[in-house]
Amino acid sequence: MLSIFKSIPTHMDYKGQKLAEQIFQGVILISAVIGFVYGLIVEQFGWTVYIVLGGFAVSCLLTLPPWPMYRKNPLPWQPVLPETSAESNQKPPENIQKKKKHK
């Protein structure tokens with residue numbers, strides 16, 4: 001059962017984060033303008049709040065899940081270097097004291 005959740009991708013690249021932020025702000029702004037105008041026309045502030053909350057829900061649905069459009073530019077990571085036994089046995093000296101300059 002838990003393996004289903006492990007197969008869901010959870011990462012988003014930097015360009016995807018920028019796109020998600022732009023979509024989020026755009027949807028919130030458009031819903032706020034539409035809500036304000038509609039609330040002004042019908043003279044009910046409650047409709048303004050409902051429309052802005054609806055825009056918030058839509059923007060969350062569009063931006064919170066890591067949709068494939070947010071994962072188109074993955075970072076090229078360096079390959080893992082194999083660790084040799086000589087490197088793992090050498091430790092840097094811990095007793096090196098740095099000279100402090102007092103003025």
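Predicted model: local features only at pLDDT ≥ 70, side-chain atom pairs only at ≥ 80, totals over all residues.
Visitor: What share of the protein chain is buried, and what makes a residue count as buried?
Guide: A residue is buried when its relative accessible area is under 20%. By that cut-off, buried residues make up 12% of the 103 residues. The accessible surface of the protein chain comes to about 9,800 Å², and 66% of that surface belongs to carbon and sulfur atoms.

Visitor: Where does UniProt place the feature "transmembrane region"?
Guide: An unreviewed UniProt entry places it at residues 21–41 and 47–64.

Visitor: How much of each span is helix in the model?
Guide: Residues 21–41 are 100% helix and 0% strand, with end C-alpha atoms 30 Å apart. Residues 47–64 are 94% helix and 0% strand, and there the end C-alpha atoms lie 25 Å apart.

Visitor: Why are α2 and α3 called roughly antiparallel?
Guide: Two packed helices are described by the angle between their axes and the distance between the axes. Here, the axes of helix α2 (residues 14–42) and helix α3 (residues 45–63) cross at roughly 165° and come within 8 Å. Angles over 145 degrees count as roughly antiparallel, and therefore α2 and α3 are given that name.

Visitor: Which hand does the crossing of α2 and α3 have?
Guide: The crossing is right-handed.

Visitor: Why does Ile 28 count as partly exposed?
Guide: Partly exposed covers the range between the buried limit of under 20% and the exposed limit of over 50%. Ile 28 has 24% relative accessibility, so it counts as partly exposed.

Visitor: And what about Ile 30: buried or exposed?
Guide: Ile 30 also lies in helix α2. Its relative accessibility is 53%, and because exposed means over 50%, Ile 30 counts as exposed. Ile 30 and Val 52 are 22 residues apart in sequence and 8.8 Å apart in space, C-alpha to C-alpha.

Visitor: Where is Glu 43, and what is its phi?
Guide: Glu 43 is found in the loop between α2 and α3. Its phi is near 55°, a positive value in a residue other than glycine. Most residues other than glycine have a negative phi.

Visitor: How do you know whether Glu 43 is buried or exposed?
Guide: The exposed class begins over 50%. Glu 43 has 68% relative accessibility, so it counts as exposed.

How values were computed:
Residues numbered from 1 in each chain as written. Heavy atoms only, no water. Buried < 20%, exposed > 50% of the residue type's maximum accessible area, 1.4 Å probe, protein only. Areas by Shrake-Rupley, 256 points an atom, 1.4 Å probe, with all protein chains shown as cover. UniProt positions renumbered as here; feature names shortened; annotations may be inferred. Helix = DSSP H or I, 4+ residues; strand = E, 2+ residues; numbered from the N terminus. Axes fitted to C-alpha atoms, helices over the stretch in contact; angles between N-to-C directions. Parallel < 35°, antiparallel > 145°, perpendicular 65-115°, else oblique. Left-handed = near helix turned anticlockwise from the far one by under 90°.
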